[in-house]
Amino acid sequence: MKIEELKILRGPNYWSIRRTKLIQMKLDLQEMEQRPTNTIEGFGDRLAALFPSMYAHRCSVGQPGGFFQRVAEGTWMGHVIEHIALELQTLAGMNTGFGRTRGTGEPGKYFVVISYLEEDAGIYAAKAAVKIAEALTDGTPYDLTEDIQQLREIREDTRLGPSTGCIVEEAAKRGIPHLRLNKHSLVQLGYGVNQKRIRATIASTTGNIAVDIACDKEETKNLLGAAEIPVPRGTVVRTIAGLEEAVEKFGYPLVIKPIDGNHGKGNTTNITTWEQAEKAFESAKLYGRSVIVEKFITGFDFRILVINYKFICAALRTPASVVGDGIHTIQWLIDETNKDPRRGYGHEKVLTQITVDDSTMKMLDEKGYTLETIPPVGELVLLKTTANLSTGGTSTDVTDEVHPENIVMCERIAKIIGLDICGIDIMAQDLQTPVSSNGGAILEVNAAPGFRMHIDPTEGLGRNVAEPVIDMLFPDRSNGRIPIIAITGTNGKTTTTRLTAHISKTAGKKVGYTTSDGVYIQNQLLMKGDCTGPISAQFVLKDPTVDFAVLECARGGILKNGLAFEHCDVGIVTNVASDHIGLGGINSVEQMARVKAVVPETVYPHGYAVLNAEDDLVYTMKKDLKCNVALFSMDENNPRIQEHCKKGGLATVYENGYISILKGTWKIRVCHVKDIPLTFEGKAVHNIANCLSSVMATYLFKSITIEDIRTGLQTFISSSITTPGRLNFFHFKHFTFLADFAHNPHGLKLLCQFVEQLDYPYKVGVISGTGDRRDEDIRELGSISAAYFDEIIIRCDKNLRGRTAEEIIALLQEGVNSVNPNIPQTVIANENLALEHIYANYKPGALYTIMCDVVAGALDKIKELKDRESAS
């Protein structure tokens, strides 16, 4: 078996709108295509022995054990690999269960689709599943331990931590979208101008000065002490001599820690001897030149959480430890503690397993203990110097026990330091009495405090501490979104996108939009090339100056990565025609319609899908949609339009020369097509259709008026600047070039129908074929051209996409000759040479219509010829 391709889907996609995180593996079963599982002796038994937990897989049978039943009856290896990949992730603490296995249309080749929680783990599981299936087939022993541990490590390296994760989850509950901005914990909440950012539990609202102060323990202590907040007595030292002075001044017990440390790194507590002090000093200096020496405060370790300067909750923290029973060794007690089902690897569970490290051995050695020591009954043996949950510590919620005076003190501390998300470490006998009177003290103030101890305490109530963070970042229940209009279809996407963006800009919006020739932010071209995929869309959604997004969403991006957004406000489908059939596992126009339907299916329930009522495949999409539907048609008497509007629906139509909006039984005339430059006085019929969808999409926003729409239509001029490669005329002294990105039969037919209406004495088609299209598609380009032009010049695209130039030329000629074998034909494979040939051998008054493949290249060459003519 061979993996031919792996695609990572990160948004709504062909397989699922709701399950946005999928791995799509193209798998060639090779000889295994002839070997279903019931023909492989012992396969089912070996599978069940290796994965007994797979009994829970119901599969299509619909009951526990269903998958094993399918294996016994006989199923193909792609299906088995799907289930193995899912179960591997589950065994590694990533419970995910969506999968599909479907044929690609090629014999023996399948798409195996699995869901994932962490992208890198999903990829690893997919690859490992193939190896495991091969081992099970061959009867070779296989140990899952290494794979499961590897998956756990990948998960911990790549996942959002529990603190960041809970904030993101709370945002999702509110309908606030998020984008992960790096592989760590930097996350954008919301889109465009409404975005906020978090990194761990530091928010974009958190001040730099406050974070700097919190990271400087001495500065923090000085500020708090000056404000009459109880803090331990201490000083900062850099040398052994300074350490001696501090020991003499404050006396034992002491705490020694780095001045700018975090997470307890380099901290040593309860120091009672000079030898311990020297070791602690050297340990702290590993994290910085300056070291704090302060009086050790006895009591319990508490953490107070203050968000937006309001007390939220409190927890008692206990370092990793075991309690002696007078019978067993410390190592046995650790192993037994780790059997607690609440303890797991890293952050996968409420508690973390206790690991023995150098710090643990040092603490035991100071007590004269080893791992083989049997502590007496009831003795608490501490194994870590700090109470962090990540090192095996535990937490107990004590929120309801905090004295009001302590609450006021903690809210003051947050204000004094300036931290809107603030963790305050207190050492005291309890929090039920004021810290100022019970001998306790404030040890540290933390920027980016961990939330895990509050979300899932070992004992007591869990607290939704993410909620006040989201309340602070998005007050008044705002959702951080900006309007999104998403546009898909076979033809007309780019022109519709540009016109929609132009109308929106006319209405005062700060628009970001993506097209097949680039990404534009407020009319500035910032990315060049085909930018119709999710990376380009995210570029717009990340931009903090954008308040309105218009996104062209092409087939390729949807199939390769899914959409960049989970929801949009308006989704336009222009049409569905037989282009790109046979690519990416899409083998029929019906399947292509399913790809395009992903866009309207992501529209919010309160939003609108804008559908072409004249296209059967597009119109049919409405039955599966859970949003509102608006229609457009070139015929106001279209029965579908009439039925829709009788029910109070919205539509745009072309009637009596006007672009009009139908609102139930009411008609609003927006603009006469002769006043719309894009339609070339109504001759460019396909652009009238593009206007219809743009008008409807923008009309749906209350902030865009009919006057805005009318002005936008009248001021959008078709040119090589505003609409590159879309009906671009270049008038030379004795002939004219018309450049257009008509790259499929449907688009070429529309272009030719437009050219037919133009008043030129001689019309020449400069045509090409795209190598990755079907033979019949390339032939059809030739036959359409022969029906409309007086002469044909055949050239080849720069990228032949898997074919030879000779193949493409021959197919085009077959199409031409099938309609008019007598039409003059010239073959000039290179596009630039073809344009040079025309310039040197033009027919006076002729129109040369060029099908552009690389739009920028063709336009640059034409402009070069234009400059040459001007200079001559």
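The model is predicted, so local features are taken at a pLDDT of at least 70 and side-chain atom pairs at pLDDT 80 or more, while totals for chains, interfaces and linings use all residues. Residues are numbered from 1 along each chain as its sequence is written, and side-chain values use heavy atoms, with hydrogens and water left out.

**Stop 1**

Helices (H or I, at least four residues) and strands (E, at least two) are DSSP runs, numbered from the N terminus. Two strands pair if DSSP finds at least two bridges between them. Strands of a sheet pair through backbone hydrogen bonds, either parallel or antiparallel.

Select β22 to β32. These eleven strands form an open sheet with mixed pairing, in the order β25-β24-β23-β26-β22-β27-β28-β29-β30-β31-β32. The edges are β25 (524-528) and β32 (666-672); each has a single partner strand, so one side of each is left without a neighbour in the sheet. On average, neighbouring strands of this sheet are turned by 15 degrees against each other, direction ignored. Angles run from 0 to 180 degrees between N-to-C directions, and axes are lines fitted to C-alpha atoms, for helices over the stretch in contact.

Next, select residues 568-573 and 603-612: these are β27 and β28, which pair in the parallel sense over five bridges. Cys 568 stands opposite Val 603 in β28.

**Stop 2**

Move to the open sheet of five strands, with the order β19-β14-β13-β20-β21 and antiparallel pairing. Here β19 (394-397) and β21 stand at the edges with a single partner strand each, so one side of each is left without a neighbour in the sheet. From one strand to the next, the twist averages 30 degrees.

Select residues 300-307 and 421-428, which are β13 and β20; eight bridges join these antiparallel strands. Ile 304 stands opposite Ile 424 in β20.

**Stop 3: two packed helices**

Select residues 162-173 and 466-473. Helices α6 and α15 pack at an angle of about 60 degrees, with their axes 9 Å apart. Cys 166, Ile 167, Glu 170 and Ala 171 in α6 meet Ala 466, Glu 467, Val 469 and Ile 470 in α15, where contact means heavy atoms within 4.5 Å. By class, this contact has six nonpolar, no polar and two charged residues. Ala, Val, Leu, Ile, Met, Phe, Trp, Tyr, Cys and Pro count as nonpolar, Asp, Glu, Lys and Arg as charged, and the others, Gly among them, as polar.

**Stop 4: two backbone details**

Select Tyr 252 and Pro 253. The peptide bond between them is cis, with omega near -5 degrees. Pro 253 lies in the loop between α9 (240-250) and β10 (254-258).

Finally, select Ala 200, in the loop between β7 (196-199) and β8 (202-203). Although Ala 200 is not a glycine, it has a positive phi of about 60 degrees.
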